[in-house]
Amino acid sequence: MKMVGALLAVHREAAGYTQRALAERLLISEELIASIEQGRRPLKMDLAVQLDDFLGPNRTLQTAVEHMPEVDLVPRWAEEYMDLEREALTLSWYDNQVLPGLLQTPAYARNVFRNDVPALTEDEIELRVAARMERQEVLHRREPPTICFIISEVTWMDRLGGDDVHVEQLRHLMELATLPGVTLQVMPVGRSFHAGLSGPFILIETPDHQRLGYTEAQRGSQLIADPDEVSILERKCAMLRTQALNPYETKGLLENLLGEQ
């Protein structure tokens with residue numbers, strides 16, 4: 001990704017454009033150009049084609065993208081969601097397997113990836129941890145999104161990486177719960193009612209107020225745009241918010257868990 005980014009910078013400068021000027025000509029964000037050139041964000045094929053046509057480097061960028069090693073890429077099935085997440089006005093997130101990626105510490109994320117099958121190399125793990133940490137910048141945007149996290153208590157009970165990682169993660173959750181626009185709720189175990197038995201999902205509101213859903217399964221995902229299907233997920237989320245502990249009760253549970261350590 002750094003090599004492709006450096007290649008883009010060379011062609012941009014040779015054509016006489018600043019990052020801002022190029023972004024304005026292509027009607028994309030300056031931040032996107034900067035992130036690609038710094039190797040923090042992958043260059044996607046549609047933009048590579050557009051850049052090659054505009055800058056005239058004889059398909060150089062397209063060829064580079066075609067030959068990117070898979071380890072350097074966000075899984076293609078997740079790329080569209082990642083783009084939506086960066087710009088979202090609101091996110092409503094329910095998870096019952098692991099803590100949402102936006103809430104994970106580096107140590108917790110590292111141990112999530114160490115449980116992948118087949119096993120990843122240490123280099124692959126570190127690349128994925130770095131990408132996950134970069135995603136968390138959305139929480140600290142100048143105008144951050146409004147995000148509701150509803151998380152199964154089961155994910156808080158798991159001790160991926162051991163006790164030290166577990167305690168650090170709980171403290172991190174306490175800190176994140178104080179951020180503007182972030183609401184944290186836990187769904188306790190032992191409930192006799194539960195609207196999320198079908199599995200995790202995310203609801204997204206885009207800057208133009210389009211409402212979308214997103215679900216992940218083994219080796220793939222689904223972006224949901226059909227209004228009827230999105231409405232079903234919205235009703236599930238509304239029910240989960242009434243069934244889960246409220247934010248104040250959730251904070252109390254976190255304090256109790258930390259007090260027991």
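Biologist: In E3, which residue is the bridge partner of Ile 147?
Modeller: Val 182 is the partner of Ile 147. Bear in mind that this is a predicted model.

Biologist: And in which sense do E2 and E3 pair?
Modeller: Parallel, over six bridges, with E2 covering residues 146-152.

Biologist: What is the strand order in the whole sheet?
Modeller: The order is E3-E2-E1-E4-E5-E6, an open sheet of six strands with mixed pairing. E3 and E6 are the edge strands, each pairing on one side only.

Biologist: By how many degrees are neighbouring strands turned against each other?
Modeller: On average by 10 degrees, with direction ignored.

Biologist: Which helix packs on the sheet?
Modeller: Helix H11, residues 227-243, packs there and touches E1, E2, E3, E4, E5 and E6. The direction of H11 makes about 110 degrees with that of E4.

Biologist: Now the other end. How many bridges link E5 and E6?
Modeller: Five, in the antiparallel sense, between E5 at residues 211-217 and E6 at residues 220-224. One of the pairs is Gly 213 with Ile 224.

Biologist: What about the turn of that hairpin, which residue takes a positive phi?
Modeller: Arg 219, with phi near 65 degrees; the hairpin has two residues between the strands.

Biologist: Switching to H10. How many residues, and what does it span?
Modeller: H10 runs over residues 163-176, so 14 residues by the usual helix assignment. From first C-alpha to last H10 reaches 20 Å, close to the 20 Å expected at 1.5 Å a residue.

Biologist: Which of its residues are buried?
Modeller: In H10 the buried ones are Val 165, His 166, Val 167, Gln 169, Leu 170, His 172, Leu 173 and Leu 176.

Biologist: What covers them?
Modeller: The cover of the buried H10 residues includes H7 (106-114), H9 (153-157), strand E3 (182-187) and H12 (247-259).

Conventions
Residues numbered from 1 in each chain as written. Predicted model: local features only at pLDDT ≥ 70, side-chain atom pairs only at ≥ 80, totals over all residues. Heavy atoms only, no water. Helix = DSSP H or I, 4+ residues; strand = E, 2+ residues; numbered from the N terminus. Expected span 1.5 Å × (residues − 1). Buried < 20%, exposed > 50% of the residue type's maximum accessible area, 1.4 Å probe, protein only. Contact = heavy atoms within 4.5 Å. Pairing = 2+ DSSP bridges. Axes fitted to C-alpha atoms, helices over the stretch in contact; angles between N-to-C directions.
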